[in-house]
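Thanks for coming, everyone. Please look at the model on the screen while I talk.

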Amino acid sequence: MLRTFLPFLYGSALLISFLSCQEKTDNQQIDTSITQATELNDEFLKKLNFPQTVSYLGLDKPKDTTVVKVKSGTAPADMVYIQGGLVQIGSDEGLEQERPSFWAKIAPFWMDTHPVTVAEFRKFIKATNYKTEAETFGNAGIIDESTGQQWILKDGANWHHPMGPDFPAAADDHPVTQVSWNDANAYAKWAGKRLPCELEWEHAARNARNSRTIYSWGNDIQSQGKYNANIWQGKFPVKNYNEDGFAYTSPVGKFGKTPLGLTDMSGNVWEWQSNPKFNYEALFRTPIRDGDLSPELAQRGGSFLCEPGWCHGYRVSGRSSSTSETSLFHVGFRCVKDIK
């Protein structure tokens, strides 16, 4: 399989070859059709394969704001109940890839409190003897002072040694990285979960109440002199002042929780999403144009490499993407679970 190495852009630099969800209540099956307040491009929508938690999409806020009620029951271990609601996806003040903003209605679901950790991923590896794509290829993407601040494919870099064998092993309580989209899906299937779609992720990041703050916790990246996320301080990639104390990944939960009880929704690592990255506008027009549907899979949340002058991707509406077999040292994932 051909692997192509391209420059870093919006938190994802490594491009490697090609592209490669059901919800019901206790007593009520959720309508699987997408309600149309404005005309949707059904052909395009099918390509995105959104889960059945998504029951409305439109440029206009729906007249019917009723959200299906689901009995949450006891939360699965290390997961948070995300209540259903309306959410305005994107930002009309953001980058072109975040516009136009549009409305979605999302049914409740469970979401991992934090990104999957190294320790959790190790349990999966031991139980299944799974071999990640970085291990199969023999290398994965990193950038730091040792690479001359250039992205390289580092031989021996993988989930347990994300910087390569000449660097320390990944700590158990840090998010697992150097996992491809395919690897993340394999883990999710083993765990009885799935990856979130972008709409679910943003609904959760907006605290399931369509909060319009820049970040899940508010509008300030610092509070009382302390950082609220693991990000780059300085000018990427020239200088990182490392004021938050972490040059690479940090322990999950280190920077506190959102009002919903989630951690690491901004910074630390980008998180794989279930859907391809797509042009928001293409949901509401025909025909489909070249570039409307990316061969890459979407990512959310930003990472420790993000800084506003280069990549302000840790905003709630921030987006990135990579191909399905890409493995990078600043990309991980978290899972969601349907409520049945």
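What covers the buried residues of helix α4? The cover includes α2, α3 (133-137), β13 (270-278) and β14 (293-300). Two quick notes on the source. This is a predicted model, where local features need pLDDT of at least 70, side-chain atom pairs count only at pLDDT 80 or more, and totals for chains, interfaces and linings use all residues. Residues are numbered from 1 along each chain as its sequence is written, and side-chain values use heavy atoms, with hydrogens and water left out.

Some terms. Helices (H or I, at least four residues) and strands (E, at least two) are DSSP runs, numbered from the N terminus. Contact means heavy atoms within 4.5 Å. Buried means under 20% relative accessible area, with a 1.4 Å probe and protein chains only.

Back to α4. Its buried residues are W181, D183, A184, Y187 and A188. Seen down the axis of α4, they fall within an arc of 160°, so they line one face of the helix. That arc is taken from the directions from the helix axis to the C-beta atoms.

Now α2, residues 118-128. It packs against α4, residues 181-190, at an angle of about 80°, with the axes 11 Å apart. That makes α2 roughly perpendicular to α4; the term covers 65 to 115 degrees. Axes are lines fitted to C-alpha atoms, for helices over the stretch in contact, and angles run from 0 to 180 degrees between N-to-C directions.

Which residues meet? From α2, E120, F121, K123, F124, A127 and T128. From α4, A186, Y187 and W190.

Key: Angles under 35 degrees count as roughly parallel, over 145 as roughly antiparallel, 65 to 115 as roughly perpendicular and the rest as oblique. Buried means under 20% relative accessible area, exposed over 50%, partly exposed in between (1.4 Å probe, protein chains only).
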